Every structure is written in structure tokens, then in C-alpha cells.
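Dear colleague,

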Amino acid sequence: MPEKQCRYNNNIRWRGIMDMENEPRINVTRSTMPPLEEYVEEIKPIWENHWMTNMGPIYKKFQHRLMEYLGASNISMFTNGHMALEMLLKSLELSGEVITTPYTFISTTNAIIRNGLKPVFCDIKETDYTIDPDKIEELITDRTVAILPVHVYGNICDIHRIQEIADRHNLKVIYDAAHAFGVKYEGVGVANFGYASMFSLHATKVFNSVEGGIVSFKDEHLRKKLHCEKNFGITGEVTVESIGANAKMDEFRSAMGICNLNHLDENIAKRKLVYERYIQNLNGIPGLRLNYYDDKILPNYAYFPVYVDRNEFGCSRDDICSKLKEHNVYTRKYFYPATNNFEIVTSMCDHGNTPVSDDVSSNIITLPMYGELDFESIDRICEIIRSMK
């Protein structure tokens, strides 16, 4: 089928678009921050006790609040999400192959490889971009030691089928839940699925502590191991039982997390309104596939991805990115490229048979998404996209 020529009506007459130089900049994301006075109040004790790191009282308060919010029996907090995942894998002392998805941020793949494990890439579903359980079992060999799926854009993996497969083959399921903080599936918080889950608290996420990461887990044996991994292997004043690193969360980040957690439900409610406005504007446009959440999911509205069928829509994903940028709107090709298309990765392991992932990563765009994004800006973004049809 011949590719359609991309068209754009330069005579659009609607507020703001004719004067591009004066159009406000809209970033793809905006970090959530609490009122300054609230944060200042939370960090005041630091000036009294001078306890800035090493699992202080604010850290412990934050840990307790997180366990309550996530409904998790155990969590361990880290300086960032990547170190949380990497050290989780290290603590399990695995050796062999890990079945995972290439449709993720490079951190997921790096954490596997940096632990001396081999990623085996499984393709994804077209519907929600999570790992395809129909394609997992054929990749299992006698060298497989774990499955590492990724919840994507707040969409949740097929947790029941994945667990059934893992149980049949005696494999651990470790979730990269960087996109899924606060999400519930069938009324249960996602921190409760699998052997363990990692959450990112990076500044760009729905919930942040500036930087930070969490591992949720049920196995009590992991508590000491994770503590040692992030604290030099130290178990007492003069005792070092393992070779660890330094990846502890400090008091300042913990304080930011506490403050942001106070406003998280309100923030998610605002993001829901942004999501619904996008749907209202873009639903039903031929060539655009939007992200819809399963009825069993209570989402966090982390991202607003749009898959662009260039033949049906008439323009490519890249055309839309470029046109929006001309109007001071900044989007993200996320995830692009898929991690099994990085040369450094394929120099160490096989690309795998992942046509869906390859296609989606080349044709998806994430539009600006944050709670403070006003309807006028959303309408402006959508009008530009619709006018390219």
C-alpha cells in the first residue's frame, strides 16, 4: 500500500496557532511538587538532629507510609529505581537466563546484564504493550531462572497467566513496576504480585521523591539481603557479611516523598481529567490507537501513549512529533528504540523474535501528561494532530 502524503493545513484559524512564537512551551511531563512550606516543615527536624541519611526517622516514617499506601507487607527503599532492580536481582543470586520484554526503558535490560544474567526477549501484546504470555513458555529452557515482565504506561501485565507459567516451571516472577505506582488490579495493589516488584520514584513519575526506588516483597529472607546490598554489606558496627554497594535513600528525598504522598490521590484525579480530555479529542480518529485501561484496573494515568498507523492516518509518528515541536509542544518516543535494538545489547544477547515490539516502538508517541495540564493546552495539542489527518 503506497504511503499517504502527510498533509497539514497551515491556514488553521484557532486561538494560539497562528502566532507560534508566542505559544507557551508544553513539556511531555512536569514533576509533581508539594507546597514549599509543607516540604520545609517536613525537613525541619534535620536541622535539629543533623541526621541526613542512613535510614533516619524521616526515612522510617516514609517507609511506613508507603507500606500502608501500597498495601505491601515488606518494602526496601533505594536511591533510585534502577539500583532497586539491580540489587533485587543480585540478592536472588541467580545464574542463567531471564525472560523479559524489550519494550521497556534500558534500565530493565541493564539490570539483568549487569548481574551476569542473559536477557531472553519475549514479544509484547498489541493491546496494552505488556509481555505476551502466549509467547513466554516457548522461550523457557533448562537455563531459565526467572521471568521479568514490565507494567507499561500503568497497564498491568497478565499477572495470573504469568504466575501460572512460572509455577509450572518453578521460576520467580519479578516485576518492573516503574510505571505502576498506586495502580490496583482487581482491587489489589500491584505491589502484591509476583515474588517481588520494583517501583521507580523518579521525578518524572506519577509519584516521586525526586529520585528513589522501592522493592516490595513477601519473602522475609529478602529483607536482610536487600539491606546488605544497599548498605555495603554492613550488618553491625564491626560486621560486614557480604560485598554490597551504597544505594540508600536519604532523609531529604524521604521528606519529599512524604509530602508528595499526601497529595497523590488528588494528583491522580487531576491526571484522570487530562486523560479523559485527550480521549474526548482523539477518540475515533482513523490511524490513531489510544490507550484504554482494562475494567479490572484502577489506573494511575501515568502516560498518554498514541500508536500512529502512518498509512491510515497519513502522517508518521515522527511527523507528529516534529509538527508539535514547531508549536512548542514536546513529546516523547517512549520506548524507542526497544532495548533489543541497541547495538550494545545485541552484542551480548540475541534480538529475539519481537515484531510487535519493533513495530510499536517505531510508531508510538507519548503526549504531554501531568495533572496541571489545562484543557486549553490539551485542545491545542489535539487540534494540531487532527489537522494533520
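**Findings**

Asp379 lies in helix α13 (residues 375-386); helices (H or I, at least four residues) and strands (E, at least two) are DSSP runs, numbered from the N terminus. This is a predicted model, in which local features need pLDDT of at least 70, side-chain atom pairs count only at pLDDT 80 or more, and totals for chains, interfaces and linings use all residues. Residues are numbered from 1 along each chain as its sequence is written, and side-chain values use heavy atoms, with hydrogens and water left out.

Asp379 has a relative accessible area of 18%, so it is buried (buried means under 20% relative accessible area, exposed over 50%, and partly exposed in between, with a 1.4 Å probe and protein chains only). The side chain of Asp379 makes a polar contact of 2.8 Å with the side chain of Arg277. A polar contact is a pair of N or O atoms within 3.5 Å; within protein, one must be able to donate a hydrogen and the other to accept it, and residues adjacent in sequence count only if both atoms are side-chain atoms.

**Confidence**

The average pLDDT (the predictor's confidence in each residue, from 0 to 100) is 94 for the protein, and 95% of the residues score at least 70. Over residues 1-5 the pLDDT stays under 50, and the model has eight contacts for them beyond four places in sequence (contact means heavy atoms within 4.5 Å). Residues 8-18 also have a pLDDT below 50, with 21 contacts in the model beyond near neighbours in sequence.

**Strand β5 and its partners**

Strand β5 (residues 172-176) is largely enclosed by the rest of the structure, because four of its five residues are buried. Strand β4 (residues 144-148) runs parallel to β5 and is joined to it by two bridges; two strands pair if DSSP finds at least two bridges between them. Within this pairing, Ala146 stands opposite Lys172 of β5. From β4 the chain passes through helix α5 (residues 159-168) to β5 in a right-handed β-α-β crossover, that is, with the strands pointing away from the viewer, the path from the first strand over the helix to the second runs clockwise.

β5 also pairs in the parallel sense with strand β8 (residues 196-200), over three bridges. Here Ile174 stands opposite Ala196 in β8. Ala196 is buried, with a relative accessible area of 1%. Leaving aside neighbours within four places in sequence, the contacts of Ala196 are Leu88, Val173, Ile174, Tyr175, Val215, Ser216 and Phe217. Ala196 and Val183 are 13 residues apart in sequence, and their C-alpha atoms are 15 Å apart in space.

**Helix α5**

The buried residues of α5 are Ile159, Ile162, Ile165 and Ala166. They cover an arc of only 130° around the axis and therefore lie on the same side of α5; the arc is that of the directions from the helix axis to the C-beta atoms. Their cover includes β4, β5 and β6 (184-185). Asp167 and Arg168, on the other side of α5, are exposed. Just after α5, Asn170 takes a positive phi of about 55°.

**Strand β15**

Strand β15 (residues 364-367) is covered on both faces, with Ile364 and Thr366 buried on one side and Ile365 and Leu367 buried on the other. Strand β14 (residues 304-308) runs antiparallel to β15, and four bridges join them. Ile364 in β15 is the bridge partner of Tyr307.
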